[in-house]
Structure formats: C-alpha cells, structure tokens
Amino acid sequence: MDDEVPAPLRHAAARAVDEATLVDALAALTAQPSPYGRERATAHRVADWATGRWPELSWRVDPLERTATTPDSANLVGGSDLGDHPELLIYSHLDTSLTGGTDFDAPITGRHSPAPALELSGPAGEVVSGFGLSVARAAAAAALVGYAAAAETLRAAGRPHRLTLLLAATGTHRDDPTAGPEDGVAPAPTTGGVLHHLRGRPRPAAAIVAKTSPPGILTAEPGAMFLRIRLSSGFHPALFRDTATPPGGLLAHLGVVVEALEEFRRAHLALRADPDALVGAELGLGAVRAGQPGKPDLLPGMVDLHLYLTTVPGDDPAQITDALRATLARRLRDTPLADCGLAVAGHPAHPAASTPPTAPICRHADAAWLAAYGRPPVPLRGWTGSTDGVVLRARGVPTVRLGPPALPPDPADPRRERYALSELVRFARLYADIALRHQQASTGRRVICHDTVSLCAQRNPDGGRCPFAGQER
C-alpha cells in the first residue's frame, strides 16, 4: 500500500520517544498556571524547552489579539518542512478548564488548597499525576513528543514532509457571563487559538486532535451551545420576605426551575436517541448566580442560570432556545414564579461536524492504532464531548481525535489526574506513526536509499553511512 511506512522509519520514530522526554515535556507544560486567555508564559516556557531539546525544528510563540477575556494569550507553534508536501496539523491546547487558582476553581472543585503539582508514583515511577493533565496537558505532551519524533525521523531520512504542531490558546469552551440574555443577542464570538492560527494560511490537508478520549478514534464530535435563563422580580429586603414576589424570594423557588429543566432535558434527549449515531446530545446546568454575598439581607431581584448543551447534526440553536423557553413558561405558569420576568437566550459555540471514515487520515489513524494495540479500534457511538476538532472540520480539514486514557483520579484529591507513562509513550508513538503514514501516502512512492553518506547531519554530525542506506525510505 502507498501509505505503508518502511519499517526503518517506524522504528526510528518509536526509538525517538521515551518516558524521560515525556516527563520533561509535562514539567514544562505544568510549571505554572495556564488559564484561558493567559497562556503566553507557558507558551514561552515550552518553546524554550523544546528549542533546547530539538534545535533543528522551528518553535515560535504566536500572540493572540489582546481582549478583556484574552489579555495575555498566545499559541505555541512547532514546524518542520522539507520540500513541497501536504500539511498535517497535530493539535492540542495550552489552557486548562480550571485555572489552578482558588478564586475561579474553588466554586467548582470545592477545595481551597493549592492545585497538586506534577508527581511520579508507583513502584517504578510508572504513573504520572498532577493538575490539568486531562485537559489537556497529558495529551499535549504526547502530541509534542510524537510530533518531534516524526519530524526528526523524516528529516534524518530526507523525506519530504510538512508537519505542524499547534498547542493553541483558548482551546476550552468558555462563555461570556457578562453578556445579558434579556435581549436575546448573542455575544460576539472570540477568535480562539485555532481560528487565529488558520486565519490567512492555507488550510492543512489533515489534522489530529490530541486530547484524552474514549478508547478509540473519534471521527465526529457534537457541537456546543450556551443557554442562559434569567428570572427577575422586584427589590425586597429579607425581613419582608413574605410580601416579596414570589413569596420568600426567587431563590426559595429555584427547585421548580430545576425540575422544569430536567423535564426539558429528558424530552430533548429522547428526540435525539439513536444507538447508531456517532455523537449524542447532553445538557447540564453548570452555574447559578444571584444576589451579593456581602448583602444577604437583600433578596436577589435577578437569578441567572447558565447551561451547556452539546448539539447533534441538524440541531438549530434558535429552535432549541425557543423550546426551552416554551417549556419554562408552561411549567412556571401555575407556580409562585408566574409573575416573575423570564428571559431565555442561547448562542452556539460550534455546530457538530464529522470526517468521512473513508478519509485518508482516518485510514492512517486506524492502521497506527492496529500497530500500537494489535487490534483495530472499537467503533465509538454517542460521544457527547466537543473540542476544536469541530472548528477544523467546519473549515474543511479532515480530522481525527484520539488521546491517552486516564487512570482513575486520586480519591484523596480528584484534581490530581493520573496517567500511566506507558500509555503516554504509546500515544506519542501513535501520533508519530500517523504522521509518517500521512507523509508516505502523500508522497505516493517508495524508493530505495543508495546514499553512502548520512542525509542527517543532526544524527550523524561527523558524516558516515546513512542509517537508511539500502532500505526503503
């Protein structure tokens, strides 16, 4: 087959991946917090480390436009080009869903202690654990090391290639809580690290999304949208709660709203139930905001409920928003909340998108998985997680998503996420193998190396016989 990689190349790429390098990559990625919109310090730290480790490859920090939500944001971009070749993009992201700081994290985690540091454990130091590894530092480290292994190997063999590593800023879904839902106007979308990278550039021929995933290869992902519900009433001091509208205040009747949301969720998911679908829908109530903590003697006159919903192909965010509004209006009609203001607004982050399973990148990923595990990947159905893979697919880039499986988190502190180092090594080699297969298929030919001197000055600075002489390369 045209995409069957010669064994010497595959073996060379596999040898270029080791546990020590992966741990060093993780140390660079986790040395400081890398919250959404403030990734630049981490981008510089990782770029400096990678430049020292692989000086023959290109490493650059690409700042994003400064905004209120992205005041210090930047992508890290690695590149290796030789000849004219279709580009493969290997993508993960720099930011983490949690920030590592208690101001933002504690309401979610329930903990005020410092975020756990990177740590090796187990009898032989075979488990790595720490904060933010599942989103997405573990996969990002494997992607970085796998990319470098493939690039080094291809450069050593003189093979035409174009590989790009993108560790992007603002790679996690984030809503703007300051945009009010009362007028139904969606806030302006943020650029995001992926869109920033793609702007003004030829689109890649294919992409790999490296992020912790189920045990298989995802060729489709759901979209995502945010929904916000606002209940409003008059101004009431707590000592006059019985005469408030509604009696007792808005928060006393929040259970009625939650029950209505659960009813909506059940109906919404039932309409989209399909055991054969690659992606599935889900809805979660993630935040409730009301009142002022310093003045609890004043009942809040406004309650905002923030929801996250994953969308499937064919979903219309406006219709979903209207259906939720109708459900709430009906359910609240005969309750104490009937005379309160109700506003519902929704806006999409991304639509669902998929890559045809017959696309070459899917074939390359399947073949690399078979080589790594000795069995084909299990077909995945009903996946409800959305990433920037949908952004790439929406722009016509065939994309697969796969990543190292996580071990159960530390029961003493679930923020300490755990991975087997052997799995990180396996996935770094998987990413490298997919890159080699992409290069091989795009070249479309197999030749015998007859060079008697090394084509790889990096590996053989003193010259000598090429390590691939007499073999396919």
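**Exercise 1. Helices H5 and H11**

Give the distance within which the axes of H5 and H11 come and the angle at which they cross; then classify the pair and name the residues in contact.

Solution. The axes of H5 and H11 come within 7 Å and cross at roughly 45°. The model is predicted: local features need pLDDT of at least 70, side-chain atom pairs count only at pLDDT 80 or more, and totals for chains, interfaces and linings use all residues. Residues are numbered from 1 along each chain as its sequence is written, and side-chain values use heavy atoms, with hydrogens and water left out.

Helices (H or I, at least four residues) and strands (E, at least two) are DSSP runs numbered from the N terminus. Axes are lines fitted to C-alpha atoms, for helices over the stretch in contact, and angles run from 0 to 180 degrees between N-to-C directions.

Step 1: Angles under 35 degrees count as roughly parallel, over 145 as roughly antiparallel, 65 to 115 as roughly perpendicular, and the rest as oblique.

Step 2: H5 passes H11 in a right-handed crossing. A crossing is right-handed if the near helix is turned clockwise from the far one by less than a right angle, and left-handed if anticlockwise.

Step 3: on the H5 side the contact (heavy atoms within 4.5 Å) is made by Ala-138, Ala-139, Ala-142, Ala-143, Val-145, Gly-146, Ala-149, Ala-150 and Leu-154. H11 contributes Leu-424, Phe-427, Ala-428, Tyr-431, Ala-432, Ala-435, Leu-436 and Gln-439.

Step 4: by class, this contact of H5 with H11 has 15 nonpolar, two polar and no charged residues. Ala, Val, Leu, Ile, Met, Phe, Trp, Tyr, Cys and Pro count as nonpolar, Asp, Glu, Lys and Arg as charged, and the others, Gly among them, as polar.

**Exercise 2. Two further helix pairs**

Describe how H1 packs with H11 and how H2 packs with H5.

Solution. Step 1: the axes of H1 (residues 7–15) and H11 (residues 421–443) come within 9 Å and cross at roughly 150°. H1 and H11 are therefore roughly antiparallel to each other. The crossing of H1 past H11 is right-handed.

Step 1: Leu-9, Arg-10, Ala-13 and Ala-14 in H1 meet residues of H11 that include Arg-429, Asp-433 and Arg-437. The residues of this contact of H1 with H11 divide into five nonpolar, no polar and four charged.

Step 2: H2 (residues 19–30) and H5 (residues 133–156) pack at an angle of about 130°, and their axes are 9 Å apart. That makes H2 oblique to H5. H2 also passes H5 in a right-handed crossing.

Step 3: among the residues that meet here are Leu-22, Ala-25 and Leu-29 in H2, with Ala-138, Ala-141 and Val-145 in H5. The contact of H2 with H5 has 10 nonpolar, two polar and one charged residues.

**Exercise 3. The four-stranded sheet**

Work out the strand order of the open sheet of four strands, then state which strands helices H7 and H8 touch.

Solution. Step 1: the order is E11-E13-E9-E14, and the pairing is antiparallel. The edge strands are E11 (282–290) and E14 (341–350), each with a single partner strand.

Step 1: nine bridges join E9 (residues 223–232) to E14. Phe-226 stands opposite His-347 in E14.

Step 2: H7 (residues 254–271) touches E9, E11 and E13 (302–311), and its direction makes about 160° with that of E11. H8 (residues 317–332) touches E9, E13 and E14, at about 155° to the direction of E14.

**Exercise 4. Backbone exceptions**

Which residues are joined by cis peptide bonds?

Solution. Step 1: most peptide bonds are trans. Val-135 and Ala-136 are joined by a cis bond with omega about -10°; Ala-136 is found in H5.

Step 1: a cis bond also joins Thr-245 and Pro-246, with omega about -5°. Pro-246 has its place in the loop between E10 (236–237) and H7.

Notes:
Two strands pair if DSSP finds at least two bridges between them.
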